[in-house]
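Here is a walk through one protein chain, taken a piece at a time. Keep the picture open as you read.

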Amino acid sequence: MVLEMKVPSPGESITEVEIADWLVEDGDYVEKDQAIAEVDSDKATLELPAEASGIITLKAEVGDAVAVGEVVCLIDTSAEKPEGSSGGSDKKEESKKEAPKEEASKKEEPKKETYASGTPSPAAKKILDEKGIEPSSVSGSGRDGRITKDDAVKAKPSMGTPTGGNRGESRSKLSMLRRKVAERLVSAKNETAMLTTFNEVDMSAIFELRKQYKEAFKEKHGVSLGFMSFFTKAVIRALQMYPAVNSMIDGKEMITYEFCDISIAVSGPKGLMVPVIRNAENLTFRGVESEVKRLAIRAREGEITVDEMTGGTFTITNGGVFGSMLSTPIINPPQSGILGMHNIVERAIVRDGAIAIAPVMYVALSYDHRIIDGKESVGFLVAVKEALESPEELLMDGNVKKALEL
């Protein structure tokens, strides 16, 4: 019996995926539930498990875009598991090595020099003119050396006269996830009235709390007491004070959410991923830290699911882990706001009328000015600053041990 394996639906809004890599060869014997391929969607990279044991026949190539429900491979379930390794792969390698030689011999036919040699076609000339490239610098692949449209498309402007040294380059295809991220970032810049407001936070109080309680916190809960729980709690408090920041535009209407689903930007092996902490307003410091750790590990190991990255009402991104001092984060559509954290540096500040040295972080709020006014945006960021500078009073109700569940 031959089983047709079709592309399963990774999520509600996803209609096609891209074959990122085949983990098996055509003609291999596969076991049921064995990972046979990695597929890229516009939200995540997922593994495709074999639905049965048998000999596999691949029906799609790496890089092919296939629709959800389309057949990507066949599995002959009546085939018996072969003993030992097969020599098929060696034959394939030999045939691959022989093929280029045959192609090369065909291409070595001498080209005739005529009046058309080096002359671009009308379509090619237009492309070269737009790129500012002289036809004499392009080698034509058309009949008798004529420059075709394809030659013009592939032509690159001169990088100047080489003076020695390595001047190589490489070209690789963008994954579907990276292309979707790029598309969304450009969309956010073009379709929103995005502005950014800045402030600075004296992190002394948080440093003191972490110094005093981080060992006991980790010993009891098995997770570190990091900065993310403080920032998440401060953001939730500010969102409840300024609900417009926790809103989205839907056509001619504004949707304001009564819950706080906080998206956390994570840099994964396949690019930027933004998993979501659901109903973060109901979580304690321990709950936030545990969820952040779980989602970050899953994202970095490529195990994150589409559902875990769907939704979100506000985003927090931390460029500080890479050493960023200040930035203007881009809104994660259709959300209306994103908070950017940055590195913490000891700076001179004025405290009680005197100069003091304190750990300071610059924070940035990018927001959609179509629904968030300056009063709300500035007020929101000030509320975040106040909570971070007075966490015991504003985030812990004056009882640190109870808030940290110690």
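This is a predicted model: local features need pLDDT of at least 70, side-chain atom pairs count only at pLDDT 80 or more; totals for chains, interfaces and linings use all residues.

**A helix pair, a core, a histidine and a sheet**

Residues are numbered from 1 along each chain as its sequence is written, and side-chain values use heavy atoms, with hydrogens and water left out.

Back to the helices (DSSP runs of H or I, at least four residues, numbered from the N terminus, just as strands are runs of E of at least two). H6 and H7, the latter covering residues 285-300, pack at about 115 degrees with axes 9 Å apart. Axes here are lines fitted to C-alpha atoms, for helices over the stretch in contact, and angles run from 0 to 180 degrees between N-to-C directions. On the H6 side, the contact (heavy atoms within 4.5 Å) includes Phe227 and Phe230, and on the H7 side Phe285 and Val288.

Phe230 turns up again in the largest nonpolar core, which has 54 residues: along with Val235, Ile262, Phe314, Phe380 and Met396, Phe230 touches the most other members. Helix H6 (residues 227-241) gives the most to this core, with 8 residues. Such a core is a set of buried Ala, Val, Leu, Ile, Met, Phe, Trp, Tyr and Cys residues joined through side-chain atoms within 4.5 Å, and buried means under 20% relative accessible area, with a 1.4 Å probe and protein chains only. Ile262 is in contact with Val235, Ile236 and Phe314, among others, leaving aside neighbours within four places in sequence.

Now look for His342, in the loop between strand S17 (337-341) and strand S18 (344-351). Is His342 buried or exposed? His342 counts as buried, because its relative accessibility is 1%. Its side chain joins that of Ser327 in a polar contact of 2.7 Å, and also reaches the backbone oxygen of Tyr362 at 2.7 Å. A polar contact is a pair of N or O atoms within 3.5 Å; within protein, one must be able to donate a hydrogen and the other to accept it, and residues adjacent in sequence count only if both atoms are side-chain atoms.

Methods
Buried means under 20% relative accessible area, exposed over 50%, partly exposed in between (1.4 Å probe, protein chains only).
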